[in-house]
Amino acid sequence: MLEERTNDLLNDEARQFSLLLNSVTDYAIYMLDTEGVIRTWNPGGRRIKGYTNREVIGTNFARFYLPEDIEAGVPERNLHTAATEGRYVGEGWRMRKDGSCFRASVVIDPIRVDRELIGYAKVTRDVTERHVAQQRLQEAQANLLQAQKLEAIGKFTLGMAHDFNNLLTVIINCQDLLEAKVQDEGSAKLVDTTLRAAERGALLTRQLLSFARGQALAPERLDLSAVMRECEGVLRRSAGDAIALQLDLADDLPCCAVDRTQLETAVLNLVCNSRDAMNDAGRICIHTALQFTQDPARPEQPPTAFVRLSVHDNGPGIPKEQQARVFEPFFTTKPIGKGSGLGLSQVFGFTAQSDGFTRLISEPGHGTCVELYFPAV
């Protein structure tokens, strides 16, 4: 008896189609009339979008679109594309009954009888997981490409800085000998001016070596919160009276193996950059915290414990097109003559040489945050 009933169902074309349609739950499959009003609704639509048949049949399919898409006429445009071009295929964000959004892969085919359009067949699939995975892969690839680019610049900079440093060492030594032998005041001033210029060049060379990870470090176990408290006075003086400096420092942080002098120089550079960006008034916050995250330059490694030290300001922010270059040596967002472009490169090189990494978060009009990550010991 059951076998006969099964054969009857399979021999009935309409019943076959109904069984097929109601057995699919990974796809929302439904029919629209020429105005976009929903006429059929399968269990896949209920599973993906959360609506029952009674709630959606007789309503316009535009209800699934985001408000801004409805205002822009996207639903009508998609139907028009399907009618005129024979099919619409695309992806976009759609809204469920509970208000949450999902990434939808959509196919709309026109239904014609005797060449007359009578409606549309619409198939929707939830591809949110695939979309998020693709975005993460693109971000990882972009981070890796940026890390490789900075690595190449660092190798070139290292060789150039070493050679330049050797030349400056000879110049400074000769100037020291000349200074001891010069008698008249005029010549002594010239020698002193030359010596100061050479020393300035040596300082720039040390910053280049820091970016290229060629600077000798003296790492020690440090509590970053304690270090920030101890140098608070220097940081406040550097920020100036018009800038409000706040410390939001976590207690009981694990220690990090870092060079204290380089750390203080890096934070001082960041505070001065924030001060210069805000001109007359603003706020700078120095924050420390423990965070489990992944080094963007080592995507194959699992997330590990890092101590994060961030310097955040509420200044004008950095334009999007410049953000990828801020850690390059000699690149600066300041006016000509206002900066060497080596401050952030020193920060980048120091954190990398300390087995950490640096992140920049900036939104034009909403400030800038530079985060330094150091492995927790």
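Visitor: How many salt bridges does a search of the whole structure find?

Guide: The search finds 13 salt bridges. Keep in mind that this is a predicted model.

Visitor: What makes Arg130 and Glu91 a salt bridge?

Guide: Their side chains meet at 2.0 Å, N to O. The cut-off is within 4 Å, from a side-chain nitrogen of Lys or Arg to a carboxyl oxygen of Asp or Glu. So the pair counts as a salt bridge.

Visitor: Why can such side chains pair at all?

Guide: Side chains of opposite charge can pair when their charged atoms come close.

Visitor: Which parts does the pair of Arg130 and Glu91 tie together?

Guide: Arg130 lies in helix 7, residues 128-181. Glu91 lies in strand 2, residues 88-95. The pair therefore ties together parts 39 residues apart in sequence.

Visitor: Why is Arg130 called partly exposed?

Guide: Its relative accessibility is 40%. Buried means under 20%, exposed means over 50%, and partly exposed is in between. Arg130 therefore counts as partly exposed. Glu91, at 35%, also counts as partly exposed.

Visitor: Which residues are linked with Arg130 in a network of salt bridges?

Guide: Glu91 and Arg103 are linked with Arg130 in that network.

Visitor: How do you know that Arg96 and Asp126 form a salt bridge?

Guide: Their side chains meet at 2.9 Å, N to O. The limit is within 4 Å, so the pair qualifies. Arg96 lies in the loop between strand 2 and strand 3, and Asp126 in strand 4, so the pair ties together parts 30 residues apart in sequence. Arg96 has a relative accessible area of 21% and is partly exposed. Asp126, at 29%, counts as partly exposed too.

Visitor: What makes Arg229 and Asp251 a link between distant parts of the chain?

Guide: The two form a salt bridge, with the closest N and O atoms 2.9 Å apart. Arg229 is in helix 9, and Asp251 is in the loop between strand 6 and strand 7. They are 22 residues apart.

Visitor: Is Asp251 buried or exposed, and why?

Guide: Its relative accessibility is 56%. Exposed means over 50%, so Asp251 counts as exposed.

Visitor: Why is Ser354 called buried?

Guide: Its relative accessible area is 8%.

Visitor: Where is Ser354 found, and what does Ser354 touch?

Guide: Ser354 is found in the loop between helix 13 and strand 10. Leaving aside residues up to four places away in sequence, Ser354 touches Leu217, Val258, Phe374 and Pro375.

Note on methods:
Residues are numbered from 1 along each chain as its sequence is written. This is a predicted model: local features need pLDDT of at least 70, side-chain atom pairs count only at pLDDT 80 or more; totals for chains, interfaces and linings use all residues. Side-chain values use heavy atoms; hydrogens and water are left out. Helices (H or I, at least four residues) and strands (E, at least two) are DSSP runs, numbered from the N terminus. Buried means under 20% relative accessible area, exposed over 50%, partly exposed in between (1.4 Å probe, protein chains only). Contact means heavy atoms within 4.5 Å.
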